[in-house]
Amino acid sequence: SPGNFKTGSKWSFGIFNATVNSEKELAVTEDGTYNDCFYVMMTDGFTFSYEMWFKKDVGIVKWGANRTNPPQLKPLYYVLKDHKLN
C-alpha cells in the first residue's frame with residue numbers, strides 16, 4: 001500500500017529483492033527533472049541489479065539495469081517520455 005512505500009521498506013517476489021532507499025530523490029533525465037521521487041533498488045541476487053525512480057501520481061520516470069555478473073561497464077537507463085493523468 002502507499003503508506004508502506006517508504007524509506008527502508010523491503011519486499012521480495014520470486015528471485016527479486018527490492019528496497020526503497022529514499023523518498024526524496026531527484027531524477028534528472030534528458031526530458032526533464034522530477035523532484036521528490038522514490039528511489040528503489042532491486043536485485044535478482046546474482047546477475048542483475050535495477051534502479052527505479054517513481055514519482056507520485058506519475059509512475060516510473062527513470063529506471064536502469066546493470067549486469068553484475070559478469071560486470072557491465074555502464075548501466076543502461078530509460079526515461080519516461082510522456083505521461084497523462086486521467
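Modeller: Lys62 counts as buried because its relative accessibility is 16%, buried meaning under 20% relative accessible area, exposed over 50% and partly exposed in between (1.4 Å probe, protein chains only). The areas come from the Shrake-Rupley method with a 1.4 Å probe, and for residues only the protein chains shown count as cover. This is a predicted model, in which local features need pLDDT of at least 70 and side-chain atom pairs count only at pLDDT 80 or more, while totals for chains, interfaces and linings use all residues. Residues are numbered from 1 along each chain as its sequence is written, and side-chain values use heavy atoms, with hydrogens and water left out.

Lys62 lies in strand S5. Its side chain reaches the backbone oxygen of Val28 at 3.4 Å. A polar contact is a pair of N or O atoms within 3.5 Å; within protein, one must be able to donate a hydrogen and the other to accept it, and residues adjacent in sequence count only if both atoms are side-chain atoms. Strands here are DSSP runs (E, at least two residues) and helices are runs of H or I (at least four), numbered from the N terminus.

Val61 is also in S5, which covers residues 59-67. With 1% relative accessibility, Val61 counts as buried.

A nonpolar core is a set of buried Ala, Val, Leu, Ile, Met, Phe, Trp, Tyr and Cys residues joined through side-chain atoms within 4.5 Å. The largest has eight residues: Ala18, Val20, Phe38, Val40, Met42, Tyr50, Met52 and Ala65. S2, S3 and S4 each give two or more residues to this core, and S3 has the largest share, with three residues. Apart from this core lies another, of six residues, among them Ala27, Tyr34, Tyr39 and Val61.

Contact here means heavy atoms within 4.5 Å.

Two strands pair if DSSP finds at least two bridges between them. Strand S1 (residues 10-13) pairs with S2 in the antiparallel sense over four bridges. Lys10 stands opposite Thr19 in S2, and Ser12 has Asn17 of S2 as its bridge partner. S1 and S2 form a hairpin with two residues between them, and Gly14 in the turn has a positive phi of about 60 degrees. S2 and S3 also pair in the antiparallel sense, over nine bridges, and form a hairpin with two residues between them. There, Asn17 has Thr43 of S3 as its bridge partner.

Most residues other than glycine have a negative phi. Asp36 is not a glycine, yet has a positive phi of about 55 degrees. Asp36 is in S3 and counts as partly exposed because its relative accessibility is 40%. Asp57, in the loop between S4 and S5, has a positive phi near 70 degrees. Asp57 is exposed, with a relative accessible area of 57%.

Another loop residue, Phe46, sits between strand S3 (32-43) and strand S4 (48-55). Phe46 counts as exposed because its relative accessibility is 59%. Leaving aside neighbours within four places in sequence, Phe46 is in contact with Thr68 and Asn69. Phe46 and Thr68 are 22 residues apart in sequence and 7.1 Å apart, C-alpha to C-alpha.

For the whole protein, the secondary structure comes to zero helices and six strands. Buried residues make up 29% of its 86 residues. The accessible surface is about 6,000 Å², and 56% of it belongs to carbon and sulfur atoms.

As for confidence, pLDDT is the predictor's confidence in each residue, from 0 to 100. The mean for the protein is 84, and 85% of its residues reach 70 or more. Confidence is highest in strand S2 (residues 16-29), at a mean of 93, and lowest in strand S6 (residues 76-79), at 70. Where pLDDT is low, the predicted coordinates should not be read in detail.
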